[in-house]
Amino acid sequence: MPGRKRSAQDPLLPSRSAKQPRTASFRLDGDPASPSEYQGILSRWLALGQDFFKLSVETVFFIIPVSAKSPHRYPLSPPASQPRNTHNKTMIPQNTLHRTHPSSSSSGEPWSNVNDSNQRITDNKNDMKSSYPQEPAVETFDATSKTTEEKHGGQRTRSSSQEEVDAKSKNNYTRMNQVLEELSLKSGSEVSSSRKRLKEREHIYAKAHKKHVLEDRKLLREELQKELYKTKRKSGFTSGYADFKSLLEYQALLQNLGKTGGHLASQSLVDLRTKASEGLRVRRYSFSDEDDTAFLQRALANAKATLNTPKPPAPFTPTLEQRRRANRLRDEELDARFRPKLPSSLPPDDDHKVTALLQKYGLISRISKEQVTDQDLNRLRPRQWLNDELINFYGALILARSEGCKENPGDGIANGRRKPLNVHYFSTFFWSKLRKEGYDKGRLAKWTKKIDLFSKDVVLIPVNHNNAHWTCAAINFRGKRIESYDSMGMAKDEIFKHLRAYLDAEHRNKKKKPFNFTGWENHAPEWTPQQENGYDCGVFTCQFLESLSRGEESFIFTQKDMPYLRRRMIWEIGHANLRED
């Protein structure tokens, strides 16, 4: 069978690259590796360690900022005790030159031919030069070719090329120090600025932490509100939870007005209280509209303390004659008034007229110097604050009714209602001038130029507290007392002080002598109808004014009557007349 032979021109391909030294410990045929192969493995590992060392040094000098005067605290310098190698720039310990050949380990004969070892290592390095890239910028050490130490009679000798190698390595190290110095000078300011930015940066979890804190605070606030609402329900609170929340916000607002001097952002109450859409809260004041948890905790503690108070003492037991006289007076009043109660709604015809009035645009009604537009009238819809125009218009209606009854004054009863007294009404701007400017600077003497204030039965004054709350004040000449009625039950001392000063200044101006306060007292009833939300104070104030104009000592309206009274006031303002039913 004829065989196919390789032509003589085809060269034999080598089984491995001649430039890459064999690094296996044993060959495939089982023979042990040569010493040069051991030296190749060690040289490669040392090259890898030297690269890692250089990378570490450069990284440290890049991260650590160095001053301009001494850019490197520890400049690189060649160790004097290590031999050098300029071929592959790796470091080989000197003890590797005297390794024992593996094949001769059994006989114990050392591989002591130094010249032969150096020759094998040099060949190995020449092969590695073609496989691995060299880095000429940094000089390192090798123990095989730069320095050869031989022992001759116990004395060491150095090779003739050692001085050239030392000079070259010193130049290389000097150049490397200069390069590192330039790099540190260029990047020193950048590193310091970057460190400063890192220090000023907000923590990555700061926003999440703030969010969790706000959520926890919101949950705590909601729990306190619900617990306080349940406690208030036990003590007689009748409105819903939404109205109770608005009441809490309103109480916090009024407390902050006295403590921090809070004020509304706008000087005009009309522009401030714009109509809010359903479900949206209007920011009406300068401080935070979120209730403080401390405020809720105090309110809860006060509510629980009220429930835990001891029972009131036994009432006073009058004599038989006192009881008969009291019963007789009570029967007379009941017979006169037939125990009136406010209805829940207007008659159908009048209710339709109210709906029509709310649909009108422009000027709605006018009386004396006061007028009301559609924007003002819409404030009598549910959940709205009343403004100055509405309260002044209602006061003008009270004053017009009193002027029309001068021929048939006071203390009579008609249709189950007391007849109007001889009253005078000051507009909502009277109190602001009296409180801020005083009697003289506010030129309040001109307000009573055409009337005798001291001949009136009652002087009615609506009070606006910092554009946030409406109350009613009165100077009752018949009862010799200064009165204050508040649907939130707040302190009245400021009102009493300013009205007493006004009475004295007015009497000195008109009567030319001080006012005699003998027998006069400050009157603030322990109980008045209380609001259960944060927006009905204006309606309460108007009803206080109307009841006081008829000499009423008690009030028959409550929070439940507010929806009816709002529609009733729309009818009265639209027709410029107070209802007598």
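My notes below go from the ground rules to a sheet, its helices and a few backbone angles.

**Ground rules.** I am working with a predicted model, where local features need pLDDT of at least 70, side-chain atom pairs count only at pLDDT 80 or more, and totals for chains, interfaces and linings use all residues. Residues are numbered from 1 along each chain as its sequence is written, and side-chain values use heavy atoms, with hydrogens and water left out. Helices (H or I, at least four residues) and strands (E, at least two) are DSSP runs, numbered from the N terminus.

**The sheet.** I traced an open sheet of five strands, in the order E7-E8-E9-E10-E11, with mixed pairing. Two strands pair if DSSP finds at least two bridges between them. E7 (423–425) and E11 (521–523) are the edge strands with a single partner each, so one side of each has no neighbour in the sheet. From one strand to the next, the twist averages 20 degrees. I also looked at E9 (residues 469–476) and E10 (residues 481–485), which pair in the antiparallel sense over five bridges. There, asparagine 476 has arginine 481 in E10 as its bridge partner.

**Helices on the sheet.** Which strands does helix H15 lie across? I found H15 (residues 537–549) across E7, E8, E9 and E10, at about 15 degrees to E9. Angles run from 0 to 180 degrees between N-to-C directions, with axes as lines fitted to C-alpha atoms, for helices over the stretch in contact.

**H11 beside H15.** The axes of H11 (residues 388–404) and H15 come within 10 Å and cross at roughly 10 degrees. That makes the two helices roughly parallel, a term for angles under 35 degrees. Ile391, Tyr394, Ile398 and Arg401 in H11 meet Cys542, Gln543, Leu545, Glu546 and Ser549 in H15; contact means heavy atoms within 4.5 Å.

**H16.** In H16, 10 of the 14 residues are buried (under 20% relative accessible area, with exposed over 50% and partly exposed in between; 1.4 Å probe, protein chains only). Among them are Trp571 and Glu572.

Most residues other than glycine have a negative phi. Arginine 383 has a positive one near 65 degrees and is partly exposed, at 44% relative accessible area. Lysine 512, with a positive phi of about 65 degrees, sits in the loop between H14 (493–511) and E11 and is exposed at 68%.

Key:
Angles under 35 degrees count as roughly parallel, over 145 as roughly antiparallel, 65 to 115 as roughly perpendicular and the rest as oblique.
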